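Good morning, and thank you for joining this group meeting. Please look at the structure on the screen while I describe it.

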Amino acid sequence: LDPEMTAADVAERAQQALVQHRLVLETLIESTADFIYMKDRDGLYVFVNPAAAQSVGKSVEEIIGKDDRALFPEEHARHIMEKDRQIMASGISEVFEETRTSAGRVRHLHSSKNVCRDSSGAVIGIVGISRDITELKRAEEALNSSELNAAGARMANALAHEINNPLAALTNALFLLREGSDAFPADDVLASAQEALWRITKITRQMIGLYNRNAPVRRIQVRKVVE
């Protein structure tokens with residue numbers, strides 16, 4: 001510090017720095033796309049940034065002093081408020097994903113919530129930051145669906161190939177039986193046809209077994225199965 005500065009000068013400079021920091025903080029909060037908000041012990045909003053207000057189709061002024069029941073369907077609001085009460089009671093911050101319906105739109109959010117305390121350490125409310133990850137969720141679902149469809153197509157192609165071979169053998173056997181060729185005894189032709197049918201049966205059983213391994217567990221009557 002300048003030794004010639006008076007106490008008033010120091011106080012004024014400190015005040016200017018405080019104002020500057022506050023302006024920077026307000027600019028960051030108002031310009032971010034994340035939803036930033038604070039509620040008091042009763043769950044009433046005491047602060048909400050423009051992005052959060054816009055996400056529920058209301059102005060900042062319409063939200064301040066209201067609780068979540070004024071913003072979300074009853075069931076969602078009740079869940080949110082109960083979660084907030086649990087966090088304030090435990091005093092431990094939480095990070096989690098949640099789904100909300102507001103302004104006719106379903107949003108998937110990645111939320112971080114922490115308690116807000118006064119100078120004595122008493123909990124006076126909760127502060128939250130939520131990021132809209134709806135588009136990310138949709139992209140993940142589309143990717144999973146695309147991969148599943150591709151896997152299904154590969155399996156169908158492999159299955160068609162595996163079944164086509166014994167079907168061709170069966171078709172040839174039927175042709176030979178119909179023509180009655182002496183070069184191919186009927187017993188041999190029937191044996192070949194039976195083997196082809198067994199291969200098809202084996203393939204279908206394997207496919208059914210693959211499905212059943214993913215089926216839920218259920219009770220069965222062993223006596224009926226044995227009979």
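Predicted model: local features only at pLDDT ≥ 70, side-chain atom pairs only at ≥ 80, totals over all residues.

The lining of the largest cavity draws at least two residues from each of E1, E2, helix H2 (50–55), E3 and E4. Residues are numbered from 1 along each chain as its sequence is written, and side-chain values use heavy atoms, with hydrogens and water left out. Helices (H or I, at least four residues) and strands (E, at least two) are DSSP runs, numbered from the N terminus.

How many cavities of 30 Å³ or more does the structure hold? There is one. A cavity here is a set of points on a 1 Å grid over the protein atoms alone where a 1.4 Å probe fits but cannot get out, and lining residues have an atom within 4 Å of a point. Its volume, the space filled by probe spheres set on the points, is about 110 Å³ for the largest cavity. Of the 14 residues that line the largest cavity, Ala52, Ser55, Val56, Phe72 and Arg100 lie nearest its centre. By class, the lining comprises 10 nonpolar, two polar and two charged residues; Ala, Val, Leu, Ile, Met, Phe, Trp, Tyr, Cys and Pro count as nonpolar, Asp, Glu, Lys and Arg as charged, and the others, Gly among them, as polar.

I turn now to the sheet. Five strands form an open sheet in the order E2-E1-E5-E4-E3, with antiparallel pairing. Strand E2 (45–48) and strand E3 (94–102) stand at the edges with a single partner strand each, so one side of each is left without a neighbour in the sheet. Two strands pair if DSSP finds at least two bridges between them.

Strand E1 (residues 35–40) and strand E5 (residues 123–132) pair over six bridges, and Tyr37 has Gly128 in E5 as its bridge partner. Nine bridges join E3 to E4, with Thr101 partnered by Val106 in E4. In the hairpin of E3 and E4, which has two residues between the strands, Ala103 takes a positive phi near 55°. E4 and E5 also form a hairpin, with five residues between them, and Gly121 in the turn has a positive phi of about 95°.

Methods
1 Å grid on protein atoms, 1.4 Å probe; cavity = no way out; pocket = protein on both sides within 12 Å on 5 of 7 lines; lining within 4 Å.
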